[in-house]
Amino acid sequence: MKLLGNILAAATVFITGTIAGNAANADPGRFMDMNAPVKAPIGHKQFCRDNGWACPNESYKAVVVKLDEARWNQLIAINADVNRRVRPMTDDDLFGKVEHWSYPVNGYGDCEEYVLEKQRVLIEAGWPKSALLITVAKDMDNAGHAVLTVRTDHGDMILDNQIEAVLPWYSTPYRYIKRQSARSPVQWTGISDTRVTTVSSVSR
């Protein structure tokens, strides 16, 4: 299948060219291993207070998107468009705070602003909310990082501002910590990520 071939080719290029010698487990699952409920990040709680309409206290059926060729191309296009439109700036420089979640302000933001904008644009394009989940990880420098997980029938795909390609979660060099629940935008679930990655030590 051309679609699956594109996904696997992108993952292979990334692994070979970027994290060679730091392979994940031989057979990671296509979907992240979710475990117990956890507290939402402080930044997300603040975002929901400021943008209540974006965080309704509701429950919905968890959906896995059928990733056909049109959906795949749309995912790539929106990821690239937001990465191009938003220019990087720290919360400290933008808001005068160490941590602040918001939609991009005047076209600037850090990783959370990229994620929130991608989630917003995809929802407006008709993608189901329960398949677009803000996800917190540790990056290669063991610093906190946010990406958007898209739940598809080909597995969990990652939209990122540090890596241009849309990749399966197991092909990224991050240690995943927690993400929004697929059943409620205000609930979060811990992630059991036991892969061997470039992140050598993670504080949870």
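This is a predicted model: local features need pLDDT of at least 70, side-chain atom pairs count only at pLDDT 80 or more; totals for chains, interfaces and linings use all residues.
**Arg175 and its contacts**

One of its polar atoms lies 3.0 Å from the backbone oxygen of Asp193. I placed Arg175 in strand S8, which covers residues 175-181. Is Arg175 buried or exposed? I read a relative accessible area of 13% for Arg175, and because the cut-off for buried is under 20%, Arg175 counts as buried.

**Arg179**

I stayed in strand S8 and went on to Arg179, which also lies there. I checked Arg179 against Met34, which is 145 residues away along the chain. The C-alpha atoms of Arg179 and Met34 are separated by 8.9 Å.

**The chain as a whole**

I noted five helices and nine strands in the protein chain. Read from the N terminus, the order of elements is α-β-α-α-β-α-β-α-β-β-β-β-β-β. The chain has 204 residues, and 48% of them count as buried.

**Disulfide**

How many disulfides does the structure hold? I found one. It joins Cys48 to Cys55, with an S to S distance of 2.1 Å. I read -75° about the S-S bond, and the link of Cys48 and Cys55 is left-handed. I then looked up the accessibility of both partners. Cys48 has 16% relative accessibility and counts as buried. Cys55 has a relative accessible area of 10% and is buried.

**Helix H5**

I turned to H5, which runs over residues 111-124. H5 has 14 residues and reaches 20 Å from its first C-alpha to its last. That is close to the 20 Å expected at 1.5 Å a residue. I listed the buried residues of H5: Cys111, Glu112, Glu113, Tyr114, Val115, Leu116, Glu117, Lys118, Gln119, Val121 and Leu122. For Cys111 I looked up the value itself, a relative accessible area of 10%, so Cys111 is buried. Just after H5, I noted that Gly126 takes a positive phi of about 100°.

**Second largest pocket**

I looked up the second largest pocket, which holds about 280 Å³ of space. It is lined by 19 residues, and the closest to its centre are Ala54, Tyr103, Gln119, Ile123 and Lys129. The elements that give two or more residues to this lining are helix H2 (42-50), helix H5 (111-124) and strand S4 (132-138). Which element gives the most to the lining? I found H5, with five residues. Gln119, one of the residues closest to the centre of the pocket, is also on my list of buried residues of H5.

I sorted the lining of the second largest pocket by class. It has 13 nonpolar, three polar and three charged residues.

How values were computed. Residues are numbered from 1 along each chain as its sequence is written. Side-chain values use heavy atoms; hydrogens and water are left out. On a 1 Å grid over the protein atoms alone, a cavity is a set of points where a 1.4 Å probe fits but cannot get out, and a pocket is an open set with protein on both sides within 12 Å along at least five of seven lines; lining residues have an atom within 4 Å of a point. Grid points are joined across faces, edges and corners, and a volume is the space filled by probe spheres set on the points. Helices (H or I, at least four residues) and strands (E, at least two) are DSSP runs, numbered from the N terminus. Ala, Val, Leu, Ile, Met, Phe, Trp, Tyr, Cys and Pro count as nonpolar, Asp, Glu, Lys and Arg as charged, and the others, Gly among them, as polar. Buried means under 20% relative accessible area, exposed over 50%, partly exposed in between (1.4 Å probe, protein chains only). A polar contact is a pair of N or O atoms within 3.5 Å; within protein, one must be able to donate a hydrogen and the other to accept it, and residues adjacent in sequence count only if both atoms are side-chain atoms. A disulfide is a pair of cysteine sulfur atoms within 2.5 Å. The expected span of a helix is 1.5 Å times one less than its number of residues.
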